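Subject: Structure for you to look at

Dear colleague,

Please find the structure below, followed by notes on what was found in it.

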Amino acid sequence: MARVYNFGAGPAMLPEEVLARAGDELLDWRGTGMSVMEMSHRGEEFIGIAAEAERDLRELLSIPSHYKVLFLQGGATLQFAAVPMNLLGGRRKADYVLTGEWSRKAAAEAAAYADVAIAASSEDRGYGYAPPQEQWRVRPEAAYVHYCSNETIGGVEFHWIPQTDGVPLVADASSHLLSRPLDISRFGLVYAGAQKNIGPAGLTIVIVREDLIGRAAAGTPSVIDYARQAKADSMLNTPPTWAIYLAGLVFKWLKSIGGLAAIEARNIEKARLLYEAIDASGLYRNRVEPRDRSRMNVTFVLADPRLDDPFLKGAEERGLVQLKGHRSVGGMRASLYNAMPLAGVQRLVAYMREFEQRHG
Ligand code: PMP
């Protein structure tokens with residue numbers, strides 16, 4: 001069996017131990033004679049699996065008890081609408097910080113429900129940085145302020161948590177949740193699609209402060225009404241059972257290696273190695289402000305775009321796959337999520353040096 005190093009932005013690599021365990025349990029989960037995929041979500045076994053997954057997630061992130069954890073569907077994209085539908089609570093105003101493609105999409109979707117204002121933006125320099133705190137202009141009467149704490153396409157990460165003077169802070173943390181410790185108590189709501197650091201696509205995690213829910217707008221579909229889902233333990237309808245089970249295995253894996261502080265140390269090391277290689281070269285260039293560079297999504301361009309295809313082809317021959325940048329920006333992107341081993345980054349860096357010697 002030859003596993004490749006998959007640098008895709010999501011769906012992304014999962015830890016081999018997790019996949020092996022899921023494989024072992026595929027036909028018969030702990031003597032039940034069935035796969036988790038075949039279980040009733042109302043049965044004792046699955047309810048136990050979901051409850052344990054929530055407990056482990058709470059432990060990993062030290063989620064305070066006055067926060068609800070929801071396991072939903074519809075991807076992060078559905079949250080672009082669910083957030084205003086749930087959090088406006090009778091108000092009209094919602095503020096957004098724009099740092100790239102995903103925060104722009106979130107703001108555009110919210111404009112159907114809210115009076116959206118842009119609290120800060122990095123559009124002036126091609127979304128290549130995270131606007132510093134002093135540039136944020138949050139309306140005190142806004143129901144919330146939304147930002148994307150790691151922009152997956154541009155590779156821009158907030159390495160600090162914004163101060164919003166009492167206005168609830170909402171983060172789309174899809175592409176870095178669980179890659180580092182995070183002080184949840186600083187947020188009103190954090191959401192993330194699972195398919196990067198958490199598990200398979202199909203599961204979306206929402207962590208929300210209790211006092212912010214219960215005032216969903218009239219007409220909010222019940223499955224995205226946070227209060228109704230919280231009351232039903234995220235099982236108002238059939239939940240994505242298999243994805244929740246896999247996420248639970250990923251949480252166990254994270255705990256087994258020492259939790260978020262341990263994975264953060266690995267992630268820092270992987271990102272350092274790759275950015276140093278880029279900065280030392282004459283062929284590759286990263287356009288993000290160094291202090292805002294993402295540890296998760298490392299973007300780079302080649303000095304001559306005609307080399308893109310040969311670069312990708314050579315990479316694939318060496319088992320380094322899905323390095324092509326997002327179609328909207330071109331270039332390359334190496335996503336270094338939790339499950340990417342250091343050895344994968346070492347192999348990539350060695351290949352980049354070899355390619356530069358031949359073509360630089
Ligand atoms: N936000 C961010 C930061 C993302 O990276 C993505 C997906 N790559 C999305 C939102 C959209 O997620 P989904 O496809 O799960 O709706």
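The expected span of a helix is taken here as 1.5 Å times one less than its number of residues. The model is a predicted one. Helix H2 (residues 44-61) has 18 residues and should therefore span 26 Å; the C-alpha atoms at its ends are 26 Å apart, in agreement.

The buried residues of H2 are Phe46, Ile49, Ala50, Ala53, Asp56, Leu57, Leu60 and Leu61. Viewed down the helix axis they fall within an arc of 130 degrees, so they line one face of H2. They pack against S2, S10, helix H6 (241-256) and helix H7 (259-280). Glu44, Arg55 and Glu59, on the other side of H2, are exposed. Ser62 follows the helix and has a positive phi, near 50 degrees.

Next, the sheet. It is open and mixed, with 7 strands in the order S2-S10-S9-S8-S5-S3-S4. Strand S2 (67-72) and strand S4 (115-121) are the edge strands, each pairing on one side only. On average, neighbouring strands are turned by 20 degrees against each other, direction ignored. S4 pairs with strand S3 (residues 93-98) in the parallel sense, over 6 bridges; in this pairing, Tyr96 has Ile118 of S4 as its bridge partner.

Two helices lie against these strands. Helix H3 (residues 75-87) lies across S2, S3, S8, S9 and S10, and runs at about 160 degrees to S9. Helix H4 (residues 101-110) packs on the sheet, where it touches S3, S4, S5, S8 and S9. The direction of H4 makes about 160 degrees with that of S3.

Regards

Technical notes:
Residues numbered from 1 in each chain as written. Predicted model: local features only at pLDDT ≥ 70, side-chain atom pairs only at ≥ 80, totals over all residues. Heavy atoms only, no water. Pairing = 2+ DSSP bridges. Helix = DSSP H or I, 4+ residues; strand = E, 2+ residues; numbered from the N terminus. Axes fitted to C-alpha atoms, helices over the stretch in contact; angles between N-to-C directions. Contact = heavy atoms within 4.5 Å. Buried < 20%, exposed > 50% of the residue type's maximum accessible area, 1.4 Å probe, protein only. Arc of directions from axis to C-beta.
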